[in-house]
Amino acid sequence: MGEHVTPLEVKWEKVLFKKSSFPDNYTDPKFLDEIKRNVHFKPIDTRTALLKSTRISTQISVTVIFWAVFLQLKDGSAIWEVTYGIFSFIIIVAYVVSFRFNNILPVLKNVFLFIAVGYGCTPVLKTLTDTISTDSIYAMSVILMLVHIAFHQYGMDGVCVSPYVSLNAAICGAICLASRLQETRHAFALLTLAVQAFALFPKLYEVLNYTIIAFTILTAGAFCCMISISVVSAILFLLSIFCVNLIFPLCFVWAQQYKNNIYGPWDEAMIFNR
Amino acid sequence: MEQQQQHRLDDHGQIFVYFPIIPTKKSGLIYGVVKPNESYYNCLNVYVVSFEEDAVHQFEPIGTWNTEDNSSRNKSPYWINLITENHHPKIESAVVAGVHVPMSQALLVLYDESFLQSEILERNEDWKNSKCLCELGSLLRLSHNIGVKREEVSHQQITESVFNHSKVVLQLRQRALQWRAWRSCRSELISTNLLLMMLIDLFLGFCFVRMFHSLGGANEVLEMFLESVKVIADNLQLLIEWLMGVPVGLKLNRPLSTVLGKFFLYHLYLWKTYIDIIKPIVSTIIFISSTVGLIGLSFQMALLSDLITMASLHCYCFYVYATRLYGITLHGLGSTLRMFGGRKWNPLRSRYDSGDFSWDQLCVGMFIFSSLLLLLPTLLVYYVVFLALRLCVLFLQGTLRRLIWIINSLPSYSLLLWILGSPSLAGDVLFEVIPGRDSTLKLVWTKLPLMESMRRSLNPSAPEYPGVNWAKRLNEMVSGDLIYPI
């Protein structure tokens, strides 16, 4: 019948000022009671995830519109004026709607200076990439645009976010493409479009609080441009928008149930600056 | 009369007796000094330096050599008896402070006196660190009345001056320095070295001038020189025109290549006009300078070096232009590349930090970045071509400079002595064992390896070896800094 007389009648307490009969490296099962899981976790619901993912697709649409204008310019069709005009019109309307009149004078001055200098420097651009093959230029531009989309600041900070790198990559990609065009004014037009699309538009978009209206208009416009180029490209574009907007956020929301960050008193002390 | 200190020897003490290997007298009393050995405890050094009474230096009689004359024995606490055996001296008996020293505790060292003539032995590390040998040397010098140790002549250098760019002027100054050193030098080895060097220079110069006259004299050489300058200019023109086209199949940026090529061609055209204008002046200069050549071969080589500098001046100009352009491009490229990543140089903390840029600054920066990046290959090609030309010229001048250095600093008298094996060049001492005998060592001098001997007998006015720091040069070449002539 052995009645187990536990020699350790005394309860283990997590104090150091009392003499205890436990060895120093004794681990009590009560130790794990202090574990905390997912302390700083705020779960995101489906609606927020879907809404916020529209920001990424807007940027993708803008890039696609830019690329479409380049292709139209290269082909020599006159459609590019239509696309360009519509895009600039949208930007101006958005500017007006956002009531940024108090800030408009320095921006206008910047724009005019930019136009003047850019028009003077564009002839240099034409011969820069004469010796590089077209395929290399296209590959370089695609990579730079992808870098632009990847590093863009979509309203929150992260490891991979650097607004400077994204803008610089976009401008470099635009310069590469512009150097392929035949006429100087075409190249200049493409460069101004690049500045509008990659430098001015994101700021506007942020000020307008990432409205859905911009998303719908731009996606529709991009889709039309893609259709005018080819059906395959339109289908691919739709597929990518669908993925980015629907599938990836749903996956993200579904995967949140597996989040398991463990915190406890054994963590390193972190110093905050309040 | 100095009182010699009494040193006792305990049971296991040793005495070291230093005796000349070829004694001047066949027999007689021996005179010398006894000192305790500072390196080992309880040992004595007995230096035998003379065979006759010398009132000036007062060496005490400390023993006999091949005689039985023990009359002065009582005056000295030490008494050593030596005899000849098998052509070598040997210790017969030794008495220290009235106690007989057994033969196992007495070591005989036979030294060769001729190492006294050497001037470079005193600089040997082993000799300087050994107190016994230093004492031996100083005592021998005392007994031979040679005099105080020769002091080091201070190293003299040529003062910095703008005229030093001309190699002939430099060589003239060097020659003046050597003359002064020869007059003021007290060391026989160094003064003979200098004299011989100047004579050899004159002799070689004379030979060359004879050869020069056999080529046709001053006018012929002048014609050859001017002809070669013209040929070089024509070849350079062909080279630049080739670069403006499609060199080695490289596709260079056409507008930039044209601009650079035209700029260099215009400069070349100016150079050719300049050469035509200064032709009479150049011929006078060459005629005057050919008389300079009579002073020695080093002057002729210096003259040749100066002529090469004058003839390749336009090459140097092109190199400077190309290097500056390339350097500025690299610098700008680095700066805009950092701007690509949103970083900037922070002068306050001397490091690269994140920078605040506005969108228009970024656009202009990226425009500059892509332009510089795509124009870099063209500039690089021009830079490499002119760098190669400049390196050829520098290589020639470097060779001439090193030849002049050899003439200026080669100690030919030391070389002759080294070949003949003279004791004046003794650099090191060795202890040798005499076969068939124990407790006897021979102290002989040896000469050092050739390079070491020559390094230690350099004259004080010798210039430093013009060394090249290859890592630094390579760095400068890659990053577009100017290479100054070495």
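Reader: How much area do chain A and chain B bury between them, and what share of it is on carbon and sulfur atoms?

Author: In this predicted model, chain A and chain B bury about 2,000 Å² between them, 76% of it on carbon and sulfur atoms. Buried area is the accessible area (1.4 Å probe) that two parts lose on being put together, summed over both. On the side of chain A, the residues losing the most area to chain B are A:L128, A:Y164 and A:N168, together 30% of what that side buries.

As to conventions, local features need pLDDT of at least 70 and side-chain atom pairs count only at pLDDT 80 or more, while totals for chains, interfaces and linings use all residues. Residues are numbered from 1 along each chain as its sequence is written, chains are lettered from A and ligands numbered from 1 in the order in which they are written, and side-chain values use heavy atoms, with hydrogens and water left out.

Reader: How many residues of each chain are in contact?

Author: Contact means heavy atoms within 4.5 Å; by that criterion, 22 residues of chain A meet 22 residues of chain B.

Reader: How many salt bridges does the rule find across the interface of chain A and chain B?

Author: The rule requires a side-chain nitrogen of Lys or Arg within 4 Å of a carboxyl oxygen of Asp or Glu, and it finds zero salt bridges between chain A and chain B.

Reader: Which helices of chain A each supply at least two residues of the side that touches chain B?

Author: They are α3 (104-126), α5 (163-178) and α6 (184-207) of chain A. Helices here are DSSP runs (H or I, at least four residues), and strands likewise (E, at least two), numbered from the N terminus. The largest share of that side, eight residues, comes from α5(A).

Reader: What is the make-up of chain A in helices and strands?

Author: Chain A has eight helices and two strands, following the pattern β-α-α-α-α-α-α-α-α-β along the sequence.

Reader: How does the radius of gyration of chain A stand against that of a compact globule of 274 residues?

Author: The radius is taken over C-alpha atoms, and the globule rule is 2.2 Å times the number of residues to the power 0.38. Such a globule would come near 19 Å, but chain A has 28 Å. The C-alpha trace of chain A spans about 100 × 45 × 40 Å along its principal axes.

Reader: Why is B:F203 called exposed?

Author: Exposed means over 50% relative accessible area, buried under 20%, and partly exposed in between (1.4 Å probe, protein chains only). B:F203 has 53%, and is therefore exposed. B:F203 lies in helix α4 (residues 188-214) of chain B.
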